[in-house]
Amino acid sequence: MNPIDLHSHSTASDGLLDPAAVVRRAADRGVEVLALTDHDEVCGLLEARSAAEERGIRLIDGTEISVTWRDTTVHVVGLGIDPHEPGLLEGLQSIRAGRDDRAKRMGESLAQAGIVGAYEGALRLAASPRLISRTHFARFLVERGICRELKDVFRRYLTPGKPGYVRHAWATLQQAVGLIRGAGGTPVLAHPGRCRISQTAMRSLLGEFSDHGGSAIEVVTSNHTPAQAEAFAALARQFGLAASCGSDFHGPGESWVDLGGVPPLAPGLKPVWHSWA
Ligand code: AMP
Ligand code: MN
Ligand code: MN
Ligand code: MN
């Protein structure tokens with residue numbers, strides 16, 4: 001158990017639990033500091049905050065911004081943002097704006113592969129019609145019995161070269177870091193081990209990220225192996241970045257680990273929360 005979990009999702013994006021339920025589940029599992037970090041969205045934070053006050057846990061206002069960097073998608077988590085800051089709200093809205101059109105095209109691409117009604121099905125599964133993601137399509141394909149579980153969907157569909165994949169231009173790295181900084185938050189490069197880029201490209205990414213004002217990376221996350229956690233700890237030290245940890249929880253039975261389920265940060269790293277009041 002780790003009392004600090006700085007990455008989680010609710011129905012405000014592609015999580016399965018509503019924001020209050022995420023907070024209550026975290027509290028029940030012994031989490032003391034929780035960040036709710038919905039994709040390109042902050043609308044769950046108000047509900048999460050009242051649940052956190054009720055249960056006496058500390059809620060960190062967060063979001064996870066989708067970024068296109070050199071042809072690949074990377075995610076930047078913002079921690080301790082002001083969820084009312086107009087520049088952030090406007091920026092997130094414009095990042096979300098392309099999702100519906102992208103989803104329609106994903107539906108068309110799946111239809112060409114013989115899977116009809118996927119857009120409508122995914123939309124039905126998206127609790128918040130403000131945000132439709134590949135996760136909702138993946139759940140629909142599982143519901144239809146086309147795949148057994150989410151990771152099978154992403155192996156066969158929805159990823160580059162596979163049916164249902166649609167290229168999309170998200171925010172730039174500089175925009176994402178700027179939106180988070182502008183809202184008083186800390187930009188954190190999310191799950192770097194999931195970026196399918198070379199080691200050289202990773203070093204360029206980290207260099208650009210910190211040049212733009214990025215200040216931390218997730219060293220410990222549910223999809224990092226112990227070897228990856230060690231490698232990214234070394235990169236954090238080399239690039240002078242603080243370290244973060246989080247489960248990237250999406251829902252019971254659907255995530256690799258539950259809330260508070262990732263191991264603690266190794267000693268010798270500068271935890272991202274050390275600079276917070
Ligand atoms: P989107 O922002 O619409 O491109 O959707 C990205 C989301 O898809 C991620 O945040 C994950 O929740 C989910 N996802 C991506 N790859 C996988 C995978 N291999 N297994 C399960 N979920 C995945
Ligand atoms: Mn997600
Ligand atoms: Mn992510
Ligand atoms: Mn996430």
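Residues are numbered from 1 along each chain as its sequence is written, while chains are lettered from A and ligands numbered from 1 in the order in which they are written. Since the model is predicted, local features need pLDDT of at least 70 and side-chain atom pairs count only at pLDDT 80 or more, whereas totals for chains, interfaces and linings use all residues; side-chain values use heavy atoms, with hydrogens and water left out.

Let's start with the sheet. It is open, has 7 strands in the order β1-β2-β3-β4-β5-β6-β7, and its pairing is mixed. Strands here are DSSP runs of E, at least two residues, and helices are runs of H or I, at least four residues, numbered from the N terminus. Two strands pair if DSSP finds at least two bridges between them. Which strands sit at the edges? They are β1 (4-5) and β7 (242-246), and each pairs on one side only.

Now look at β5. It runs antiparallel to β4, joined by 4 bridges, and there Leu 79 has Thr 186 of β5 as its bridge partner. Then β6 (residues 216-221) and β7 run parallel, joined by 5 bridges, and Thr 221 stands opposite Gly 246 in β7.

Here is a handy rule: in a regular strand the side chains alternate between the two faces of the sheet. In β5, Thr 186 and Val 188 point one way, Pro 187 and Leu 189 the other, and all are buried. Buried means under 20% relative accessible area, exposed over 50%, and partly exposed in between, with a 1.4 Å probe and protein chains only.

Next, helix α1 (residues 19-28). How many of its 10 residues are buried? The count is 7, including Pro 19, Val 22 and Ala 26. Among the elements covering them are β2 (33-36), α2 (45-55) and β3 (58-69), where contact means heavy atoms within 4.5 Å.

Helices α5 (residues 118-125) and α6 (residues 134-143) pack at about 105 degrees, with axes 8 Å apart. The axes are lines fitted to C-alpha atoms, for helices over the stretch in contact, and angles run from 0 to 180 degrees between N-to-C directions. So α5 is roughly perpendicular to α6; that word covers 65 to 115 degrees, with under 35 roughly parallel, over 145 roughly antiparallel and the rest oblique.

Finally, the metals. Which residues hold the manganese ion (ligand 3)? Glu 64 (OE), His 75 (ND1) and His 191 (NE2) coordinate it at 2.1 to 2.2 Å. Donors are N, O and S atoms within 2.8 Å of the metal (3.2 Å for Na, K and Ca), and water is not among the atoms, so sites may look incomplete. Glu 64 lies in β3 and His 75 in β4 (residues 72-79), so the pair ties together parts 11 residues apart in sequence.

Glu 64 turns up again at the manganese ion (ligand 4), along with His 7 (NE2), His 9 (NE2) and Asp 248 (OD). His 9, in the loop between β1 and α1, is 55 residues from Glu 64. His 9 is buried at 0% relative accessible area, and Glu 64 is buried at 1%. The manganese ion (ligand 2) is 5.5 Å from ligand 3 and 4.6 Å from ligand 4.
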